[in-house]
Each structure stands twice: as structure tokens, then as C-alpha cells.
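Trainee: Please show me the model, and then let us go through its layout and a few local details.

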Amino acid sequence: MKVELRDIHKYFGSIRANDGVTLSIEPGTLHGLLGENGAGKSTLMKVLSGFLSPDRGEILLDGKPVRFHSPAQSVVLGVGMLHQDPLDFPSLRVIDNFLLGSPEGGLLDRHRNRSRLTELASQFDFKLDPDAFVSDLSIGERQQLEMIRLLGLGVSVLILDEPTTAISAQQREKLFEALHQLIGQGKTVIFVSHKLEEVKGLCSNVTVMAHGKVTGKTIMPCPTEALVQMMFGRPLTAGRQCAVAFGKPLLELENITVSDWRLGVKSLSLEVRSGEVIGFAGLEGSGQPLVLKVCAGLLRPSAGRIRIAAQDMTGKPYRHFLETGVAYMPTGRLEEGLIAGMTLTEHAALVDHHPSLFVDWTLAMRTAAHRIETYNIKGEPDTLVEELSGGNQQRALLALLPSQRKLLLMEHPTRGLDVESAEYIWRLLLNRVQQGTAILFISSDLDELLDRSDRILVFFGGKVRILETCETNMLQLGESIGGRGFE
Amino acid sequence: MNNWAIQARPLPRIIAILSALVFSAFILLILGTSPLDAVALILSGAFGSSTKLAYVMTAWVPVLFCSAGLLVTFAAGLWNIGIEGQIIMGALFATGLMQTLQDSLQPGAVLILAAFAGLMGGACWGMLAGALRLYGNVNEIFGGLGLNFIAGSLTVYLVLGPWKRPGIGSTSGTQPFPSSLWLPAFKGFQVSPIEVLLGLMAMVFVGWALRGTHFGLQLKAIGKNLRAAFLKGIPVYQRMFLAFGLCGALAGLAGWVLVVGTSARHNLFPLISSGYGFLAILVVLLANLSALWSVPISFFFAAISMGSLQLALQRQLDSSLGGVIQGMLVLSILVTKGLQSRLLSGHGK
Amino acid sequence: MDFSILIASVLAASPPILFAVLGETITEKAGVINLSLDGSMLLTAMVGFIVALHTESVILGFCASMGVGALIAFIIAFVSLTLHQPQVATGFVLTLLSRDLAYVIGNPYAHIPGPQVSHTPIPGLVGLPVAGPILFDQNPIVYLSLVTIFLVWAYMFRTRPGLNLQGLGERPTAAFARGVNVTVMRYVYTLIGGALVGLGGASFSLMVKPGWARPYGIEGTGWIALAIVIFGGWQPLRVALGAYFFIALQTAANLLQSGMPNIPTQLFSTLPFPLMILTLLLVTLGNAEWMNRVLNHLPKGMQRFLIRTLKTLQTVPPASLGTLFRKE
């Protein structure tokens with residue numbers, strides 16, 4: 001089935017997730033969709049699969065305009081999406097997951113569908129036990145289940161969102177074979193990914209997106225440099241000058257292994273000295289937050305040791321990390337960082353580090369006012385934090401950190417900020433660096449990574465490469481993020 | 001539970017109150033009574049004489065204590081349904097201490113020690129509920145309910161067993177304490193200024209603690225965003241546990257008042273908590289978690305409860321009509337609050 | 001002690017709580033908590049009795065009860081699903097309000113005899129050995145309760161909409177992606193659950209405990225029903241078992257009591273409640289993190305045994321219970 005997206009616009013408030021995207025995909029092709037996080041590809045695919053309705057624009061299937069009101073309806077019309085985290089029901093069995101939502105009549109015929117399931121699965125050499133619980137399956141198997149479910153419902157356009165993030169190499173091979181089979185059957189496959197090598201090897205056509213727009217369309221083969229340029233959209237920039245020696249080691253990671261339900265980082269060793277700035281690069285879901293949380297004491301590594309300022313902190317609770325001089329700034333400004341419903345003054349009082357019984361509101365208000373001035377926050381001491389703009393919220397978060405910290409751990413410190421605000425934030429951060437603080441930060445902004453870090457840790461599927469900033473440039477960084485050099 | 005402090009403008013509140021009253025009037029009409037008649041009876045039942053007013057204030061005090069305690073737990077986003085059991089345990093501990101020491105110490109000392117005993121009893125029971133919720137993962141509603149029932153069973157056991165009245169042994173309670181162990185009152189007005197004062201002080205204390213101490217501020221942070229509070233280094237579980245304990249302590253004091261108050265029955269009997277704890281939950285919900293508003297609203301609810309007893313006496317109407325009015329008020333506020341915020345979010349964003 | 005008479009009497013006494021727990025299971029499976037059970041059972045019992053009394057029709061009484069139960073459930077659904085107010089608060093207020101309404105409106109009808117469900121042994125089947133007198137010498141409500149257990153189970157596990165129900169409470173986003181209209185279905189199941197609770201209430205006043213009084217005597221049963229739903233792991237068969245277990249405990253307590261007249265009644269009637277906490281503790285203990293840490297320190301054999309026991313006891317609530325569903 002031919003898929004056409006014409007001038008799709010989708011806005012979330014002032015954010016233009018999709019800003020006039022036009023795309024067409026021929027049947028029987030494996031089409032790759034490349035782009036950074038925030039480029040707009042997930043939004044676009046959500047529009048195509050019926051999760052979101054476009055604010056403007058048209059979708060045409062085989063030349064006919066269609067309007068999806070729900071994901072279930074898009075499946076009926078032949079478009080199905082396989083999410084990165086499959087939308088299944090872990091507490092139910094495989095056979096029930098296969099059946100749930102199918103338009104079959106009243107009574108369930110598990111018997112017949114068991115054989116249907118096994119048949120479909122064997123077509124692609126998938127091995128699925130109909131009576132197993134989905135919570136016992138690996139991500140790869142859950143993916144396979146979801147795929148055959150969609151195929152069983154008759155989809156002819158299959159969208160895969162970052163499918164190879166958390167599956168084994170073996171499962172990946174099976175997946176690719178299955179995809180080729182589907183193409184052979186005349187179906188259309190859209191492969192959304194950030195892994196350059198995979199997309200190069202697999203897809204016949206590639207569309208690249210950045211900042212909500214399509215920045216390039218090409219037919220494979222295509223040189224990596226061109227792809228990287230289309231993805232990150234900037235000319236080659238060189239890294240900064242090599243810095244001189246730093247102070248004593250503040251953070252030492254020794255063979256740290258940590259994992260969550262999706263992937264794991266194995267045996268990472270790292271030494272960070274006073275005054276150093278380390279950037280964590282890589283697409284989302286590659287493991288950066290795991291390592292950062294280990295450094296903050298929020299996650300326990302399953303192996304390895306961690307030392308802060310020569311003190312062994314392995315296994316100690318988060319409190320101890322805070323007392324030792326670590327500060328952690330999470331991504332979600334309002335979800336995890338600031339407390340909606342409380343004012344700046346209240347926040348100032350809350351983080352008072354030598355609290356007596358009573359709150360000294362005058363002092364708190366004065367502190368809040370002082371911080372507002374120093375950090376240039378547009379607000380008053382009695383402003384509720386949810387009323388501040390994003391940039392000001394970020395400044396507020398920084399302002400609330402105690403002044404003398406050994407280690408500053410930040411997730412996306414300048415996300416969603418305009419250039420000026422970001423610049424200002426970094427000025428404040430560099431002040432602290434000069435006083436001896438070490439900073440580890442996660443970012444998806446390559447310019448920021450190249451400009452600010454002394455070293456960059458590139459994460460890819462749980463593996464880590466350490467780059468010296470002064471020896472690398474935008475192209476190399478972009479390629480690394482896309483997977484180059486990780487085999 | 002985190003968005004209770006939506007500022008409801010006066011008009012919706014008035015509509016809510018009116019609809020509650022209209023509904024109650026409707027019920028009365030079905031039952032064949034004139035609503036005006038019922039209102040008159042309730043008013044006279046509550047304020048008709050100085051004795052009746054004293055009874056209203058006697059009912060008011062335990063609700064004051066409990067509301068104060070609940071403000072603490074609600075600040076932290078916790079539902080302390082176990083408050084009834086905490087009242088009972090407070091009364092139980094107070095009675096126990098008084099029985100043990102009544103012959104060895106001055107009455108004044110006994111009363112003061114009994115207050116502490118009641119406080120401790122309620123606090124322990126509260127912390128038990130907290131432990132079940134925080135460390136045992138037991139849903140706080142069921143943990144609280146179960147503990148309520150256990151406290152009730154314990155009372156029954158004591159009243160009919162080790163603490164039973166000599167000879168009789170009935171569920172009317174333990175041997176009543178002599179008047180030397182009652183809280184003193186002025187002649188002709190059957191409620192002790194001490195209990196009223198203590199109740200108001202409890203509310204003032206809680207109101208101030210929530211606004212003026214770091215503990216209170218931390219509880220507020222926990223109630224609004226547990227994760228963020230944790231990341232800021234607040235020991236969240238410990239604080240929530242303490243909140244349970246503090247609420248329990250105040251409920252325990254309510255239990256103490258229920259035993260030694262001037263117009264109390266002066267003994268321990270099953271169901272001594274009389275639903276005051278749950279009534280306090282309604283009060284606090286209606287007061288929108290404001291300490292200031294909780295004071296008049298608890299008085300108002302106590303008046304309704306006492307006043308509606310008249311209905312049973314004079315008109316063969318069940319005294320639970322008071323409960324109907326109270327319940328309808330809170331329900332209407334919930335509904336109007338909801339309508340308000342939905343309509344606002346519909347237009348605004 | 002004739003064992004079969006014992007079982008028969010347990011069966012006869014169980015319909016009220018059976019209907020209530022089955023109804024609440026359906027509601028919670030969809031992700032909604034109806035905390036008003038204790039009050040609703042009282043109110044629906046009273047309404048059923050009064051309507052049956054006035055219309056001289058037991059069936060109309062049952063219908064009225066189901067209607068009231070559904071109405072209360074509707075209020076909870078509306079206030080929480082559409083007005084986004086906290087479900088627990090609404091349910092709590094409604095439980096007190098329903099109870100008070102029941103007392104007020106029911107006051108004139110206390111201690112009045114009224115219609116009851118008539119004893120209807122099924123001819124032919126009654127004669128069966130063992131099962132006959134136990135199962136088929138009852139009244140229509142008891143038969144209905146047995147059928148309902150089967151119907152609820154069959155619906156949930158053997159039909160397509162039932163499967164959707166399971167998915168709905170578990171992961172509403174995924175259910176939505178598969179075509180389930182989350183909010184509408186939550187309303188529907190809450191109403192159905194409420195109607196079943198009403199059926200349970202009427203089963204008290206028109207069968208098990210005919211008439212009305214204040215206090216009625218079933219105060220606290222609604223809370224127990226809520227606990228049984230948790231204890232039964234939100235599965236109809238297990239939940240029904242929990243209900244029977246509770247009734248058996250009550251029956252045993254009554255028997256013991258007549259055998260031991262010195263010990264006060266209240267003690268026996270309140271016995272189930274502390275047992276309830278204990279069982280709740282057991283079934284949720286497995287989730288606690290510190291538990292895992294403690295277990296790690298134990299010797300391997302004991303560890304494995306404890307883990308397995310905890311796992312079998314463990315019940316996991318529908319993941320979306322009590323939460324709001326937002327599409328994006």
C-alpha cells in the first residue's frame with residue numbers, strides 16, 4: 001500500500017513537532033526514517049498510526065485520503081505501529097495478548113487461534129509459547145508477538161519504532177529476515193531509527209528529519225557524512241582546545257555494571273577530576289541516565305565500585321551521596337525537580353541545609369530574592385514554580401542547588417531553552433567549575449557537547465566510548481552516536 | 001489528593017451549600033416532615049439551652065483534635081482512615097492509666113498523666129498504621145480499617161473481661177470514674193473550658209506547625225510531589241511515618257477527652273470514638289484543608305450532629321439526618337469543585 | 001453436626017457478599033475503586049425492602065436495589081472520571097452518606113415484617129445424594145449467586161469483551177490502542193458493579209436478614225467485601241472463595257458462640273477483621289523492597305521457599321486502579 005503524508009503539521013503548544021512534513025513511501029519498500037530525538041519522527045509516526053490527529057495536513061493510503069480517529073481504526077485500514085515499548089499486557093498470556101482487541105465475535109476461540117499464532121510465528125521463524133505470560137518474555141519476543149498480531153489483523157504498512165534498542169543480536173537477525181519477507185510479500189515497512197549502520201544496511205530509501213522538518217530524502221547507498229549532516233544539520237565544527245591538568249579525582253567508577261528492564265551498561269570505568277566537565281552523548285535510551293543515577297546513588301550497580309572524593313560509596317543510600325557533596329538535577333523540571341504548588345520562597349526554605357525547627361520565612365524570602373537576582377530568574381519570591389517559563393524553571397533548579405558541591409550531575413541542563421538562557425546557565429555552571437566542581441551532564445545538543453565538555457562519553461545500546469573533545473569533531477561525534485565504532 | 005487547594009470562588013461554594021440543603025429538604029419532604037420544622041428542631045436541639053450548647057461543644061472538641069491531626073496527614077497526601085482506632089486507643093490507654101493510678105496520685109496529676117497516656121496510645125496506633133502502609137505495602141485504607149476493628153475488639157474484650165464492672169459486666173462500659181477525675185467546669189455549663197481550650201490549641205498548633213516548621217513544609221512537599229521531595233534529600237518515609245504518629249497522638253488526645261470531659265460518660269465503652277474521626281475527615285474535606293476554616297466547620301458539624309438528636313426524640317426522625325446533611329455538603333463541594341476545574345480547563349487552555 | 005447442613009447454611013448466607021465482591025471485582029478490574037460499598041449495601045438493602053413492601057413484589061425490590069446501587073456507582077464514576085476529583089474521597093463520602101440516608105429513610109420501616117424470597121427446592125435434583133440437599137434445596141437468589149459466579153468468570157475469561165476488560169484495568173493506553181473506549185467502558189463496568197452490589201444489599205433485606213432495623217447488623221460487611229477483592233486477587237473464582245471463607249468463619253463463630261456463652265458475641269463477630277489485615281499483609285508483603293533485602297540475607301533454601309510462598313499468596317492489583325486515563 002502506498003503511503004503519502006502531505007504537509008503534516010502538529011503542534012504542542014508553541015512546540016512545532018511536525019512543521020509541514022511531506023513524505024511518500026512506495027509499497028514493497030523498506031523505508032528508513034532517521035533523526036535525532038526531538039526531530040519529530042515519533043510524532044509523525046504517531047500521526048500515521050492514529051494516536052494523534054494532525055493539526056493540518058493529509059494522509060493518503062493508495063491515493064485515498066483517510067482520517068484516523070484511533071489507533072485501532074488505523075489498524076483496520078491497514079497501518080500498524082510497533083512501539084519501542086510494545087503496548088501489550090504483561091500480566092496476560094501470549095495467546096490473550098494476541099487476541100485482545102481483535103474484532104472477532106463474542107466467545108473466544110483460543111484453540112483455533114493458538115494454531116494461527118504458531119503458524120504466523122513459524123513463518124518468520126519466531127518461537128512463541130502461547131501459554132507463557134508476556135511478563136516472562138524478552139523485549140525481542142514481545143516485539144515478535146506484537147508484529148504477528150498486527151500482521152494477523154491484516155496490516156499492510158508496518159511501522160517499527162527503534163526496534164533494535166533492546167533485543168539480542170540473534171533476535172535482530174530474525175527481525176531483519178522477517179522484514180525482508182514482508183517486503184517480498186508487497187508490504188510496506190517504515191523503519192524509524194537512529195542507528196546509521198543498520199539503516200544503511202537495511203533500507204532502500206531514507207528520509208531524514210530534524211527540528212520538525214524533513215531535511216533530506218535519499219536513496220541508498222548514501223555516504224554516512226551526508227546522512228550525519230542531514231541529521232544534525234550543522235557544518236563541521238571542531239572540538240575545543242585540550243585543557244590543562246585538572247585537580248584531584250572526585251569521582252571514580254570501577255567496572256560499573258548497571259541495568260534496567262531494557263538494557264544494561266557493562267563494566268564501565270571512569271575517573272573524573274575536579275574542574276572537569278564530562279558530557280554524556282547518545283540517543284535517548286542508550287544508557288546515559290543509568291550511569292548518571294549510579295553516580296547519584298539513586299541506582300545500585302549490580303557490579304563494580306564507585307568512589308566519591310576517595311570515599312567508597314558503593315551501596316550507600318542516596319542521602320549519603322547528597323551529604324558527600326553530590327547534587328543531581330533530573331530531566332523533568334516539574335515532574336521530578338521542582339514541586340508544583342509551591343513558591344520559590346518555599347523551595348528556598350525547603351533546601352535550607354541547616355534547618356532548625358522553625359522556618360525563617362524572612363530569610364527564605366531574602367534567599368529567594370537573592371537567587372532570583374543572581375540567576376536572573378523572571379519571577380518573584382512568591383511566584384509558584386509552575387508559573388515560570390521553562391528557562392526560568394531551569395535557572396530556579398540551578399539556583400536551589402547548594403553552592404559548594406563536589407559533583408554536579410545533570411540530565412539535559414539546557415533542554416527546551418533558547419540560546420540566551422542556555423548561554424547564561426553555562427556561565428553559572430562554569431563559575432562552579434572554576435571553583436573545583438566536576439560536572440557530568442547528559443545532552444542531545446552536539447554543539448553543547450563539543451563546546452562545553454572536556455571529554456565526551458558516547459553511549460550506544462549500553463556500550464560506551466570515551467572521546468577526548470579536543471581530538472574529535474562534529475562528524476565523528478555524530479557518527480559515534482549513530483553507532484560507528486561500537487562493533 | 002494533591003490539588004485540594006484550588007481556590008473555589010464564593011459563588012460555586014454557595015451553589016454547593018444550597019444544593020446540599022435542597023437535597024436534605026427533599027428527603028425530609030419524602031418522609032412527611034416540613035424542612036423548616038426540622039431546621040427549627042435542629043437549631044433548638046443544638047442551641048436551645050446552655051446544656052445543649054455545652055453538649056455541642058463537648059462534641060466539637062474531639063472533632064477539633066481529629067481535624068487537626070488529619071490536616072497533618074492530608075498535607076502529606078495520606079488518607080488516615082485508621083483515625084477511629086487511634087481515638088479508641090487513646091481512650092483505652094487513658095482509662096488504663098487512670099484505673100491504675102487513681103488511688104495513688106492527686107486527681108490533677110492523674111488527669112495530666114492520662115492525657116499523655118492517651119497521646120501515646122493514639123500515636124502508637126497511628127504509627128502502626130503508618131508502618132503497615134509504608135513498610136508493609138498494605139493499602140492505607142485497609143490497614144487503617146483493620147486497625148480500627150482491632151481497637152474495637154480490644155475494647156470489647158477489656159470491657160467485658162479484665163476491666164469489667166464489678167458484678168454486671170456489660171457493654172455499657174467500665175466502671176465510671178468519680179467526679180474528681182472529670183475535667184472541671186463552671187457551674188451550670190457542662191463543658192470544661194480546658195477541653196475547649198486544648199482543642200483550639202491543637203488546631204492552632206497544627207496550623208502553625210504546617211506553615212512555620214520545616215517538618216510542615218516537608219510534608220507539604222511530600223504531598224505535592226513525592227519523587228521531587230525525595231530527590232531534594234527529604235527523608236520521605238520517615239516524615240510520613242511521623243505524620244501518622246502525630247495524627248494518632250492528636251486523635252489519642254480526643255480519646256482522652258472522650259473519657260474525662262465534663263459531659264463524657266467517664267468510662268471506656270465500645271465504639272467510644274462515635275464516628276468523630278470520620279466526621280473530622282468530612283470537616284477537613286469541606287474546609288479544603290484549611291486550619292482556619294476547620295474550626296467553624298467542625299463546630300457547625302458538631303451542632304448539626306447534636307441538633308439532629310432532637311429529631312429522633314421529638315419527631316421519630318432518625319438522627320442520622322445530620323449525617324445526611326453533612327455528607328451532602330461535602331459531596332456537593334466535591335462536585336462543584338470538579339465542575340469548576342473542568343469548565344476552567346475547557347475554556348482556558 | 002451435620003456437615004451438609006453446615007455447607008447448605010453457608011451457601012444460603014453467602015449471596016449478599018458474593019454479589020458485592022463479584023460486582024466490585026468487575027469495577028476494580030476496569031480500574032475504578034468503589035469505596036462506598038459499606039454504605040451502599042445498607043442503602044440498597046433498605047430500598048429493596050421498602051419497595052418490595054410497598055409493591056408486594058420481591059422482584060421489584062431487587063430491581064430497585066440494583067438501580068440504587070448503580071446510581072451510587074454512577075456518582076463515583078462521574079465525579080472521578082469526568083470531574084477528575086479523587087476517587088477515594090468520593091467513595092468515602094458516599095459510604096457515610098448512603099449509610100446515613102439508609103437510617104433516615106428506613107426509620108419508619110424498622111422491625112416491620114415484609115416479603116421474602118421464597119424457599120424453592122428444585123424438584124428432582126433435590127433428591128440427589130450429598131449434593132441434592134446442599135445445592136438444590138435453596139431459594140432462587142442462592143441459585144442466582146452460584147450462576148453469577150460462573151457468568152462473571154466466563155465473561156472475563158471466555159469472551160472477547162471480557163478480555164478487553166482485563167486489558168483495560170491493566171494498561172489503559174494499550175487497551176485504547178486496541179480499540180477499547182476506556183472512559184465509556186469504565187463507566188459501564190462501574191455501573192454493572194454497582195448494580196451487583198445493589199443485588200447483594202437486597203439479598204440481605206429480602207432473604208438472609210429480612211426486614212430492616214437500625215443498626216441493621218451488616219455494618220462493616222462492605223469493607224470486608226473490599227478486602228476480599230484484594231485478597232482474591234481480582235479473580236472471580238478466588239474472590240468467591242474468599243467470600244465463602246468469610247461466611248464460613250462467621251458461621252463457625254456463631255456456632256462456637258452458642259457453645260461458649262460466656263465469651264461475648266462481639267468478639268466473634270469482629271474476629272474476621274484482624275484476620276483480614278493479616279491476610280492483606282501477607283498478600284502484599286512480597287512487593288516490599290526491604291523484604292527482598294531481608295530475604296537476601298537468609299540461607300538459599302529458606303529464601304527460595306519463602307519467595308515461592310510469597311509469590312503464590314501475592315496478589316497484584318490491576319495496574320491502573322484508581323488512576324486517570326489521559327490519551328496523549
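**Domains and local details**

Mentor: This is a predicted model. Chain A is divided into domain 1 (3-232) and domain 2 (249-481).

Trainee: Which helix gives the most to the side of domain 1 of chain A that touches domain 2 of chain A?

Mentor: The contact takes 13 residues from domain 1 of chain A and 12 residues from domain 2 of chain A. On the domain 1 side, the top contribution is 5 residues, and it comes from residues 224-232, helix α8 of chain A.

Trainee: How many nonpolar residues does that side of domain 1 of chain A have?

Mentor: The side of domain 1 of chain A that touches domain 2 of chain A can be split by class. It has 5 polar and 2 charged residues, and the nonpolar count is 6.

Trainee: Which residue in the turn between β9(A) and β10(A) has a positive phi?

Mentor: Strands β9 (residues 205-210) and β10 (residues 213-219) of chain A pair in the antiparallel sense over 6 bridges; within this pairing, A:Val206 has A:Thr218 as its bridge partner. The two strands form a hairpin with 2 residues between them. The phi in question is about 55 degrees, and the residue is A:His211.

Trainee: Is A:Thr257 buried, exposed or partly exposed?

Mentor: A:Thr257 lies in strand β11 (residues 249-259) of chain A. Its contacts beyond four places in sequence include A:Ser267 and A:Pro301. A buried residue needs 20 or more C-beta neighbours within 10 Å, and an exposed one has 12 or fewer. A:Thr257 has 14 inside 10 Å, so it counts as partly exposed.

Definitions and conventions:
Residues numbered from 1 in each chain as written. Chains lettered and ligands numbered in written order. Predicted model: local features only at pLDDT ≥ 70, side-chain atom pairs only at ≥ 80, totals over all residues. Pairing = 2+ DSSP bridges. Helix = DSSP H or I, 4+ residues; strand = E, 2+ residues; numbered from the N terminus. Contact = placed C-beta atoms within 7 Å. Domains from an automatic or database assignment. Nonpolar A, V, L, I, M, F, W, Y, C, P; charged D, E, K, R; others polar.
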